[in-house]
Amino acid sequence: MKTLPPGSTIGILGGGQLGRMLSVAAAQLGYHCHIYAPEKDSVAAKVAAAFTCAEYYDSDALIPFAEACDVVSYEFENVPVGPLGLIKDMVSLFPPASALNIAQDRVEEKNYALAQGGVTAPFAIVNDRGDLEAALDKTGYPAIIKTIRMGYDGKGQARVKQGDNLSQHWHDTGRKPAIAEGFVSFSHEFSVLLVRGQDGEIRFWNTPHNVHEDGILAVSTAPAPQIILDQEDAARALASKMAEAMDYVGVLTCEFFASDDGPVFNEMAPRVHNSGHWTIEGAVTSQFENHIRAICGLPLGDTGLAAKSVEMHNLIGAQADNWQELLSDGANHLHLYGKGESRPGRKMGHVTKLYF
Ligand code: AMP
């Protein structure tokens, strides 16, 4: 295990709110973050020590970035893996690139979970429009079409009922290789949040109960209701097997449906996750701090709850405009990500409340 002393530079690929919260956590431990992102108005760069604004494929920018960093991580699972080959002998990358390869492809991801003994929704590959009927015959109705790559927060998805115009759905999801996925009948959604250190130690945070609206996370609550706790051991066992098989380092999030037959694996994020934002105030050590600790080879912090219960609400679009009202409750922990424009569906911030 290589320990990086405070004062070292942590490179983060991706410039959104996750990079911003990682930079804040890193700064608290005395590290400097160097953000690498294509967007000029990166909200992570606004709180970081250095910023390279360049495309991921720009080797003239990527190589000096790697030279300037003591370790590199990422906050966005769609960072293209190809260019990372250029820097792999220059600097350690945590989590490993293999985790990105798996998470960027829904088929790989599901097969990986199945290979580790997990259960997924039934699915069939749809390479083009002509495959759609046969795929839906396999999964049954209702179903969801999800693009194999680049889908998140419900984007690149269409819900399909019997009798729908399939060509329209195919058009709406961008006519890209996709899967048809059978609809899972579930009572609750939850995520397993774990951190794995360079020495292989794994710690779990309390399992949050997640409520989505329009395919976007709206609320996470911990501790979760008993119905989720009854499925926690099986879900954690799968998540830790997956982490071990990838020789993973850092925070890993696996999302599940709580069905009558046990936990159904939906997807993984090889990074800190929105359903773990409550850990900033609601856990002894936040997901952001433990990610930094793991990639820097420091001892992991306590993941226990810091209150009897915690609730995190996302502020989507115009909901963030209520910041004054939210601050009028002195127990609210308000986080705004510094994004200029509050477009519909855009994650602008979140608010966390602890109950003692
Ligand atoms: P995803 O992008 O796969 O995380 O999907 C976003 C949200 O859509 C999930 O959190 C669920 O609320 C819902 N969803 C996705 N897949 C399924 C499924 N197979 N059955 C039922 N609901 C789903």
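**Close-up views of a predicted model**

Helices (H or I, at least four residues) and strands (E, at least two) are DSSP runs, numbered from the N terminus. The model shown here is predicted.

**View 1. His-277 in its loop.** His-277 sits in the loop that runs between strand 14 (262-269) and helix 8 (279-282). Is this residue buried or exposed? His-277 is buried because its relative accessible area is 1%, and the cut-off for buried is under 20%.

**View 2. His-188 on strand 9.** Strand 9 spans residues 186-196 and contains His-188. His-188 has 18% relative accessibility, so the residue counts as buried. Which residues does His-188 contact, apart from its neighbours within four places in sequence? They are His-209, Pro-225, Ile-227, Ile-228, Phe-256, Phe-257 and Ala-258. Lys-40 is another matter: its C-alpha lies 38 Å from that of His-188, and 148 residues separate the two in sequence.

**View 3. Ala-26 in helix 1.** Helix 1 covers residues 17-28, and Ala-26 is part of it. Ala-26 is buried because its relative accessible area is 0%. Its contacts are Ile-10, Tyr-31, Cys-33 and Ile-292, with residues up to four places away in sequence not counted.

**View 4. Cysteines without disulfides.** A disulfide is a covalent bond between the sulfur atoms of two cysteines. The cut-off applied is a pair of cysteine sulfur atoms within 2.5 Å. On that rule the count is zero. For Cys-69, the nearest cysteine sulfur belongs to Cys-33 and is 8.9 Å away, and Cys-69 is in no disulfide. Cys-69 is buried because its relative accessibility is 6%. Cys-254, at 1% relative accessibility, counts as buried too.

**View 5. The second largest pocket.** The volume of this pocket is about 250 Å³. Its lining is made of 14 residues. Which of them lie nearest the centre of the pocket? Glu-213, Ala-218, Asn-314, Ile-316 and Gln-319 do. Two strands, strand 12 (216-222) and strand 15 (309-316), each provide at least two lining residues. By residue type, the lining holds eight nonpolar, four polar and two charged residues.

**View 6. Two cis peptide bonds, each ending in a proline.** The bond from Phe-94 to Pro-95 is cis, with omega near -10°. Pro-95 belongs to the loop between strand 4 (71-74) and helix 3 (97-103). Tyr-141 and Pro-142 are also joined by a cis peptide bond, with omega about -10°. Pro-142 is in the loop between helix 5 (132-139) and strand 6 (143-147).

**View 7. Positive phi at Arg-175 and Asp-214.** What is the phi of Arg-175, a residue other than glycine? The angle is near 55°, a positive value. Arg-175 is located in the loop between helix 6 (166-172) and strand 8 (178-182). Arg-175 is exposed because its relative accessible area is 54%, and the cut-off for exposed is over 50%. Asp-214, not a glycine either, has a positive phi near 50°. The loop between strand 11 (209-213) and strand 12 holds Asp-214. At 77% relative accessibility, Asp-214 counts as exposed.

**View 8. Gly-117 and Ala-237.** Gly-117 is placed in the loop between helix 4 (106-115) and strand 5 (123-126). Gly-117 is exposed because its relative accessible area is 60%. Ala-237 is 120 residues from Gly-117 in sequence, while their C-alpha atoms are 9.5 Å apart in space.

**View 9. Domains of the chain.** The domain assignment gives domain 1 (9-93), domain 2 (122-182) and domain 3 (186-355). How far apart are the centres of domain 2 and domain 3? Taken over C-alpha atoms, the centres are separated by 28 Å.

Note on methods
Residues are numbered from 1 along each chain as its sequence is written. This is a predicted model: local features need pLDDT of at least 70, side-chain atom pairs count only at pLDDT 80 or more; totals for chains, interfaces and linings use all residues. Side-chain values use heavy atoms; hydrogens and water are left out. Buried means under 20% relative accessible area, exposed over 50%, partly exposed in between (1.4 Å probe, protein chains only). Domain bounds come from an automatic or database domain assignment. On a 1 Å grid over the protein atoms alone, a cavity is a set of points where a 1.4 Å probe fits but cannot get out, and a pocket is an open set with protein on both sides within 12 Å along at least five of seven lines; lining residues have an atom within 4 Å of a point. Grid points are joined across faces, edges and corners, and a volume is the space filled by probe spheres set on the points. Ala, Val, Leu, Ile, Met, Phe, Trp, Tyr, Cys and Pro count as nonpolar, Asp, Glu, Lys and Arg as charged, and the others, Gly among them, as polar. Contact means heavy atoms within 4.5 Å.
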